[in-house]
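These are my notebook entries on one structure. I set down what I looked up, one topic at a time.

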Amino acid sequence: MKEIRVRFAPSPTGALHIGGVRTALYNYLLARQHNGTMILRIEDTDQGRFVPGAEEYILQSLAWAGITIDEGVGVGGPHAPYRQSERKHLYQQYAQKLVADGNAYYAFDTEVEIAAMRKASPNAQYDTATRLQMKNSLTLSATEVEQKLAAGEKYVIRLQVPANQEVTLNDLIRGEVTFNSSQLDDKVLMKSDGMPTYHLANVVDDYLMKISHVIRGEEWLPSAPLHVLLYRFLGWENDMPQFAHLPLLLKPDGNGKLSKRAADQMGFPIFPLTWKDPATGEVAKGFKETGYLPEALINFLAFLGWNPGTEQEIFSMDELIKAFSMERINKAGAKFDIQKAQWYNQQYIKAASNEALADRLLNESGFMATLENAVKIVSIMKERVTFPQEIWEQGKFFFTAPTTFDQTVVSKKWNDEVEKTLAAFKEALTKEGTLNAISAKQILESVTASLNIGTGKIMQPLRVALTGNASGPDLMITMEILGKDEVIRRLGYALGAIQVNKS
RNA sequence: GGUCCGUUCGUCUAGGGGUUAGGACACCAGAUUUUCAUUCUGGUAACACGGGUUCGAUUCCCGUACGGACUACCA
């Protein structure tokens, strides 16, 4: 079998969209499964849309997601450079060959002239039907063309699409797809600024870089026959890569392509990392900063449009690599269900090591704790949260003594009897040595037994006194983490601050 | 408008000429838990429609409807 060489080829026009991450992922999965090569090529042929920082952002995003690049921008390789702007000199010769062979031509039309042609009839485009009314090397004499070129007049090179030919491509996901060439327009291959368009550049580069599979979004399907024609005219049809057009990621509600606007409305991220638009200064929070674990996001993304055919839902990257297959990619677009993403994240948080989570707590929460305590806090909190930061948001009381107390519990359960019991508990604690979850429970039980009060009556008030909250993790372990002195201190404060219900 | 692609629970999907149409998320109920969350158990819920082909179609074929993508000197 031919060596698998795939490429992810984004253009640096802004932050990498989550759909782009999935495209990169599928490419990566295929490459890794076959010991192939994953290539990153930057398609920056549109100088007008270049956004500073975008390329670096793409690199960082892929790295965060765990998608490693074997060859390309950032790592180099035998086909360098991998930035199309730096390959500019390569494309002209292929355009020239197409012109020489009668498969492309020079066109000198102005924007205004083209607009007028389009307006003239309903479905007009620059194609076999209209090209002879336009200003190009097909309608101008050879000397006129020479003169215009010599005079430095602006021109583009357009593909001369043959009339009425069936162009069929075998898409790995959709099977045979056939187009009639008469529907295709004479796409611009070389722009007037000397840069190639996407169509020429991607065909030339994929050929030169020996790409075996072009895996890209479905939005490219309509222009795929054009690319087939290009391979044919360039004499590369036998080396043409296999095409696979991926189903689109759709908005969660309604229809249409998932967009930043839709994501903003629904309140979830759409970029892997936080992105600050250099032009507007607008900041968009990323999946990473929202608290998504890269492994969870990848697992979720892999399942949007693909599934292993088994009932297993949790897959590590290595498992995905083993299980992945192009045949099992779906045809229909998939709505982006952020709730499922959250569920995945929750699963991965629960499975994450306490050490790793403790590390994040210590580094990101701004709270101080011993490593031992951090590990304990994380181990009881991680079962209860979806995102890492919720561990310290919901566990804030571990670090800061409460000054306000849950009013519902106070008004319903705080009374003289409770106060007496808590005071006795506090008293009993002072006589103890070290406090841990087991001894805390024993002391509490002996106090409640001696005062003849049900444990159930005291638990909620005790929790409120200690944490301010009506609910939370296991109270005995909470006390162990707080430590004896702190528990006594908080009890003392609560006893003084909370008003007894006089009734 | 034109071209192309698509259509199984609300969502992601499995399945495939004869099935109680399976799983997961979400939702609902119950159990467990000192609380909340977790966990466990159970439940509601789907083959877009119309023709064919067939003994039989959700599955194959053709239409229709609906949805989407594309329709730039953007990728």
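**Entry 1: α17 and α21.** I began with helix α17, residues 416–430, and helix α21, residues 484–497, in what is a predicted model. I found that their axes come within 10 Å and cross at roughly 155°. Angles over 145 degrees count as roughly antiparallel, and α17 is therefore roughly antiparallel to α21. I noted that the crossing of α17 past α21 is left-handed. I then asked which residues of α17 and α21 meet. From α17 I listed E419, L422, A423, K426, L429 and T430.

**Entry 2: α18 and α20.** Next I looked up helix α18, residues 437–451, and its packing with α20. The angle is about 115°, and the axes are 8 Å apart. I recorded the crossing of α18 and α20 as right-handed. On the α18 side of the contact I found A437, A440 and K441, which meet M476, I477, M479 and E480 of α20. By class, the residues of the contact of α18 with α20 are five nonpolar, no polar and two charged.

**Entry 3: backbone details.** For this entry I kept in mind that most residues other than glycine have a negative phi, and most peptide bonds are trans. I found a cis peptide bond between A80 and P81, with omega at about -5°. P81 sits in the loop between β3 (71–72) and α3 (88–100). I also noted K210, a residue other than glycine with a positive phi, near 55°. Where is K210 placed? I located K210 in the loop that runs between α6 (198–208) and β9 (213–217).

**Entry 4: RNA strand B.** I then looked up the 59 residues around RNA strand B, of which E43, S192, N255, A332 and S471 come nearest. The elements that give two or more residues to this surface are β7 (175–180), β14 (334–335), α12 (338–351), α19 (455–467) and α20 (475–482). How do the residues of the surface near RNA strand B divide by class? My tally was 20 nonpolar, 19 polar and 20 charged.

**Entry 5: domains.** Last, I consulted the domain assignment of chain A, which gives domain 1 as 86–246 and domain 2 as 401–497. I noted that the C-alpha centres of domain 1 and domain 2 lie 77 Å apart.

Key: Residues are numbered from 1 along each chain as its sequence is written. Chains are lettered from A and ligands numbered from 1 in the order in which they are written. This is a predicted model: local features need pLDDT of at least 70, side-chain atom pairs count only at pLDDT 80 or more; totals for chains, interfaces and linings use all residues. Domain bounds come from an automatic or database domain assignment. A residue is near a molecule or strand if its C-beta atom, placed from the backbone, lies within 6 Å of it. Helices (H or I, at least four residues) and strands (E, at least two) are DSSP runs, numbered from the N terminus. Ala, Val, Leu, Ile, Met, Phe, Trp, Tyr, Cys and Pro count as nonpolar, Asp, Glu, Lys and Arg as charged, and the others, Gly among them, as polar. Axes are lines fitted to C-alpha atoms, for helices over the stretch in contact, and angles run from 0 to 180 degrees between N-to-C directions. Angles under 35 degrees count as roughly parallel, over 145 as roughly antiparallel, 65 to 115 as roughly perpendicular and the rest as oblique. A crossing is left-handed if the near helix is turned anticlockwise from the far one by less than a right angle, and right-handed if clockwise. Two residues are in contact if their C-beta atoms, placed from the backbone, lie within 7 Å.
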